[in-house]
Amino acid sequence: KANGGQGSAFNAGFARSHGDIVIFLDADDTLLPTAVERAVELFHEPGVTKVHWPLRVVDDCGRRTGGIHPSKPLSEGDLRDEVLRHGYEGYIWPVTSGNAWARSFLSQVLPMAEHEYTYAAESYLATLAPALGLVRSIAEPIGTYRMHDRSSSNVRNLAERIKNVGRQQLVLRSAFGRVGIDVSPDIWRPTPDLRQKILVACQELTDLLRVGSKFLFVEWEVWGPGQIVKECSQIPFLERNGKYWGRPVDSSAAIQELERLRIEGANYIVFAWPAFWWL
């Protein structure tokens, strides 16, 4: 079929499939020869919507980097209460190639909206799975996850991530509604109000900063990961080796760091909501 994005591929693949268990395998990832057998064993329990496992991280040439994705142990069991409290980030799950899905579950939630999930389509399924059933995990890695500079997880900007969070929250509220649980739109962070403020600020910065700008960004950790302005370099303030370092101990320390980074080529310093108190 024509390339319509990851969600489109999921829908097309599921429509052609026949098995009781379905795995969506990304083209640059791999599974060990025993992976499917290990996953199938855990679907014998009634009510399991998905089985997941960690993956060994490899570079663009397929060489192991020593990393494991996710870096923390995967969640399992009846996770509905955790997800109800904390949203879709209330449990730890892997990328596409680390999941096997029950057909009975997929039949309830597919096809997905293709235009909304041109990438990160697994997040749609991972969001719904714990609300509609049990999750089981395999502790050791049984596949590989290829990370490179062009990976969608590396090139996605902050505005796209925030929009995806909003979609996931709507999907999760709908899933809880199916089982008779009414969820307020403000129960999970970032709230709709906070998401809107971040999106507005991202657009304002995109309109303001010229291509190639190098800017300092105050209170970086409030916003989380993701490129804020395309074709611009962002530096958390304060920073050490490019990582957010926390707040300065006093005004003198802040000015010293500002001067150092200005000399190193920073064109702007950005005070975006909620960092206005710095001014």
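These are my notebook entries on one predicted protein model.

**Ground rules.** I count residues from 1 along each chain as its sequence is written, and I use heavy atoms for side-chain values, leaving out hydrogens and water. The model is predicted, so I keep to the rule that local features need pLDDT of at least 70 and side-chain atom pairs count only at pLDDT 80 or more, while totals for chains, interfaces and linings use all residues.

**Entry: the sheet.** I looked up how the strands line up. Helices (H or I, at least four residues) and strands (E, at least two) are DSSP runs, numbered from the N terminus. I found an open sheet of 4 strands in the order E2-E8-E4-E5, with mixed pairing; two strands pair if DSSP finds at least two bridges between them. E2 (30-31) and E5 (64-69) are the edge strands, each pairing on one side only. E2 runs antiparallel to E8 (residues 143-146), with 2 bridges, and there Leu31 faces Gly143. E4 (residues 55-58) and E5 are also antiparallel, joined by 3 bridges. I noted that Val58 has Arg64 as its bridge partner. Between E4 and E5 the hairpin has 5 residues, and Gly62 takes a positive phi near 85°.

**Entry: the cores.** Which residues have the most contacts inside the largest nonpolar core? They are Phe24, Phe105, Leu106, Leu110, Tyr124 and Leu125, in a core of 46 residues. A nonpolar core here is a set of buried Ala, Val, Leu, Ile, Met, Phe, Trp, Tyr and Cys residues joined through side-chain atoms within 4.5 Å. Buried means under 20% relative accessible area, exposed over 50%, and partly exposed in between (1.4 Å probe, protein chains only). Helix H5 (121-132) is among the elements that supply at least two residues, and H5 gives the largest share, 8 residues. I then picked Phe105: leaving aside residues up to four places away in sequence, Phe105 touches Thr49, Leu125, Leu128, Ala129 and Leu132. Contact means heavy atoms within 4.5 Å. Another core, of 18 residues, lies apart from this one and includes Leu194 and Val270.

**Entry: helix H1.** I checked which residues are buried in H1 and found Gln6, Gly7, Ser8, Phe10, Asn11 and Phe14. These buried residues pack against strand E1 (21-22), H4 and H5.

**Entry: salt bridges.** How many salt bridges does the structure hold? I have 12 in my notes, each a side-chain nitrogen of Lys or Arg within 4 Å of a carboxyl oxygen of Asp or Glu. Glu82 and Arg85 form one of them (2.2 Å, N to O). They sit 3 residues apart in helix H3 (residues 80-86), so about one helical turn separates them. Glu82 is partly exposed at 31%, and Arg85 is partly exposed at 47%.

Next I followed Arg260, which bridges to Glu239 with the closest N and O atoms 2.6 Å apart. Arg260 lies in helix H9 (residues 251-263) and Glu239 in strand E11 (residues 239-240), so the pair ties together parts 21 residues apart in sequence. Is Glu239 buried or exposed? Glu239 counts as buried, because its relative accessibility is 8%. Arg260 also forms a salt bridge with Glu264, the closest N and O atoms being 3.3 Å apart. Shared partners join Glu239, Arg240, Glu257, Arg260 and Glu264 into one network.
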